[in-house]
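Me: I would like to go through this model by question and answer. Please start with the terms.

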Amino acid sequence: MVLLRRVIGDALRARRQGQHRTLREVSSAANVSLGYLSEIERGQKEPSSELLAAICDALGARLSELLREVSDTVALAEQMPGVLVPVQDEPTAPAVAVRRSTGRGVHQVSSDGTVAVQVRQDSPLKATLRSSRVRGSERDVVCAA
């Protein structure tokens, strides 16, 4: 099962690291303790809507953008057999352009090539989900994997 707080935390961390900012910088700008922001990024705490909005503001991002990214990630995970629902029949329409299974998990790219998701099944009830936006030449690299 994919936990929403983990997907939110991963999205926040990716944005922060993409800006080359430290936890301390963002926690100060968002007026949240460094330790609590760290727990949010690691998916250990689920932020309130007010706190999430403050963190997004500190990152210079719109809350709607972050939630859209999280929604896209969860939607793609829902298309991955066995991640959010038990494996039954294959879907009638392919949801991914590339699907690759490895010993450590599954890697998929959305049919429009804009979101890449990696899933590692930690236990029958726990999966680690990592998503990233795919841009330009990166799209070719990911799709060739």
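Reply: Helices (H or I, at least four residues) and strands (E, at least two) are DSSP runs, numbered from the N terminus. This is a predicted model, in which local features need pLDDT of at least 70 and side-chain atom pairs count only at pLDDT 80 or more, while totals for chains, interfaces and linings use all residues. Residues are numbered from 1 along each chain as its sequence is written, and side-chain values use heavy atoms, with hydrogens and water left out.

Me: In what order do the elements of the protein chain run from the N terminus?
Reply: The protein chain has six helices and four strands. From the N terminus on, the order is α-α-α-α-α-β-β-β-β-α.

Me: What is the average pLDDT of the protein chain?
Reply: pLDDT is the predictor's confidence in each residue, from 0 to 100. It stays under 50 over residues 85-102 and again over residues 137-145. In the protein chain, 57% of the residues score at least 70, and the average is 76.

Me: What share of the residues of the protein chain counts as buried?
Reply: Buried means under 20% relative accessible area, exposed over 50%, and partly exposed in between (1.4 Å probe, protein chains only). Of the 145 residues of the protein chain, the buried share is 36%.

Me: Which residues is isoleucine 55 in contact with, leaving aside its neighbours within four places in sequence?
Reply: Contact means heavy atoms within 4.5 Å. Isoleucine 55 is among the core members that touch the most others. Beyond those sequence neighbours, its contacts are Leu12, Val26, Ala30, Leu37 and Ile40.

Me: Within what arc do the buried residues of α3 fall, seen down its axis?
Reply: The buried residues of α3 are Leu37, Ser38, Ile40 and Glu41. They line one face of the helix, because the directions from the helix axis to their C-beta atoms fall within an arc of 160°.

Me: Which elements are included in what covers the buried residues of α3?
Reply: Leu37 and Ile40 are among these buried residues, and both are in contact with isoleucine 55. The cover includes α1, α2 and α4.

Me: How far apart are the C-alpha atoms of arginine 42 and glycine 9?
Reply: Arginine 42 is found in the loop between α3 and α4. Its relative accessible area is 41%, so arginine 42 is partly exposed. Glycine 9 is 33 residues away along the chain, yet the two C-alpha atoms are separated by 5.7 Å.

Me: Is histidine 20 buried or exposed?
Reply: Histidine 20 sits in the loop between α1 and α2. Although not a glycine, histidine 20 has a positive phi of about 55°. Its relative accessible area is 72%, so histidine 20 counts as exposed.

Me: What is the relative accessibility of asparagine 31?
Reply: Asparagine 31 lies in the loop between α2 and α3. Its phi is positive, near 60°, in a residue other than glycine. Asparagine 31 counts as exposed, at a relative accessibility of 70%.

Technical notes:
A nonpolar core is a set of buried Ala, Val, Leu, Ile, Met, Phe, Trp, Tyr and Cys residues joined through side-chain atoms within 4.5 Å.
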